[in-house]
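Here is a short report on one protein chain.

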Amino acid sequence: MWKLLRTDKRFRRLFIGESFSSFGDSAVYLSLAIWIKDLTGSDAAAGVVFLIITAPGLAAPLLGHWVDRVRRRPLLLRMYAVMAVLVLSLLFVDGSGDVWIIYLVTLAYGVLFATPARPALLKDLLASENAAQARSLLITVREGVRIVSPVAGAGVYTAFGGGALAVLGSATFVVAALVLWSIQVVESEPEPAGEPFARSVTAGFRFVRTAPFLLRLTLAMVGFLAVVGLLETAVFAAVDQGLGQGAAFVGVIASLQGAGSVLGGILAGLLVKRVGEFRGSAAGYGLIAVGLVLCVWRELPLFVLGSVLIGVGLPFLMVALSTALHLYAPARMQGRVNAAVSSVCDLFQTLSIAAGAALIGVIDYRIMYALMGVTALICAMSLLMRRIAAPQVSRSVADAPDAPAGETVAPPGPQDPSGPADEELRPAR
């Protein structure tokens, strides 16, 4: 992984830009809820922030269709520029009557998060052999900054007010845009028009359904997320009833889990590269299963260890699935395939979070943890017991045989997404 950072200057710049972008994203949008709470005194109004930021995910298939029809780098540059300006509108918030401005900025953040332009661009930027390491590094930096960025954002807001928060958010988008602007990448040709709109929008779902390898990984993730959302509520009961700690201790647990995710992000790329996506994902589910079971006991050391193991295991799932999507989906279906998988996963996770909130007063939290642990173990076994051979890698312009790291190649002509995945690529002269 570190060799990739040293030798590929384009990815190194992308890594730097992603670091600034991730820091700004989580520092600002999490603090927006605090701001609304201060302005209105309403917990419900503050909670709407998290509803608004997830709502655009429902439109992910449409956004994926859009991403596959345009060039991704210019699209991202425009989105960063718009966000840099839009976030500055927070400077005009002066009272509870201006809360709508905060909601508007929150919605824009949600659209940015739901648009799969960044993962789609990686297909043309990175050679297939570097996919696992790159995804691992990006997940590591994202999880790493989330340990400190919410505290930093809240600190900036508390010390200097919402105006400073707006400037911070805008500055991080400017930096991310400048870094992306400095990266030159030749993209595959946009998906040509002509296919019926509804068929094009749903192409990502059909592709995953007809690709057994991707379908198995996706179903395992969906099955896991359909239950693991219980954790969002169960952790509060565990801290209170099981450990006898105050609600603020949940923040400590979240930080420990985040630290585990940084370690997991570093290890995941190495393991997935060595043993493949199925075994790498199964290892993650196994770590999570052990962690969840440890949390059943009302012993602080065991609970802390279990939380760290959960954090370590989660990046294995993300790296394995994102690497598989990178490798086995054609370049000009990356937007729709990523959108299809993320929308289904988000839907089932949201349902399980709602179920946790409804059931916590009826079911003991330890039963919830045990149920989640058993589910994670079943997911691991499902990937190990009936393994499916990995399909042929769908090559991109970055896979041209004589393209040195950091240089570009001429893109191939438009391809039928259902055509051969190993079509010959022509290097630029």
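Among contacts in the protein chain between residues at least 6 apart in sequence, what percentage join residues at least 24 apart? The figure is 83%. The model behind this value is predicted.

**Overall fold**

The protein chain holds 18 helices and zero strands. Its radius of gyration is 22 Å, which agrees with the value near 22 Å that a compact globule of 429 residues would have. Along the principal axes, the C-alpha atoms fill a box of roughly 65 × 55 × 45 Å.

**Burial, surface and charge**

Of the 429 residues, 51% count as buried. The accessible surface of the protein chain comes to about 18,500 Å². Carbon and sulfur atoms account for 67% of that surface. The chain carries 33 positive and 28 negative side chains. The centres of these two sets lie 6 Å apart.

Helix 2 spans residues 9-40 and includes Ser 26. Ser 21 is also found in helix 2. Are these serines buried or exposed? Ser 26 has 2% relative accessibility, so it counts as buried, the cut-off being under 20%. Ser 21 has 1% relative accessibility and therefore counts as buried by that cut-off too.

What does the side chain of Ser 26 reach? It reaches the backbone oxygen of Ser 22 at 2.9 Å. The side chain of Ser 26 also makes a polar contact with the side chain of Ser 149, at 2.5 Å. The table sets out these two distances.

| From | To | Distance |
|---|---|---|
| Ser 26 side chain | Ser 22 backbone oxygen | 2.9 Å |
| Ser 26 side chain | Ser 149 side chain | 2.5 Å |

Which residues does Ser 21 contact, leaving aside its neighbours within four places in sequence? They are Tyr 80, Arg 118 and Ala 176. A C-alpha separation links Ser 21 to another part of the sequence. Ser 21 and Leu 180 are 159 residues apart along the chain, and their C-alpha atoms are separated by 11 Å.

**In short**

The predicted model has 18 helices and zero strands. In helix 2, Ser 26 pairs with Ser 149 through a polar contact between side chains. Ser 21, in helix 2 as well, touches Tyr 80, Arg 118 and Ala 176.

Note on methods:
Residues numbered from 1 in each chain as written. Predicted model: local features only at pLDDT ≥ 70, side-chain atom pairs only at ≥ 80, totals over all residues. Heavy atoms only, no water. Helix = DSSP H or I, 4+ residues; strand = E, 2+ residues; numbered from the N terminus. Rg over C-alpha atoms; globule rule 2.2 N^0.38 Å. Buried < 20%, exposed > 50% of the residue type's maximum accessible area, 1.4 Å probe, protein only. Contact = heavy atoms within 4.5 Å. Areas by Shrake-Rupley, 256 points an atom, 1.4 Å probe, with all protein chains shown as cover. Lys, Arg positive; Asp, Glu negative; His and termini not counted. Charge placed at Lys NZ, Arg CZ, Asp CG, Glu CD. Polar contact = N/O pair within 3.5 Å; in protein donor to acceptor, adjacent residues only side chain to side chain.
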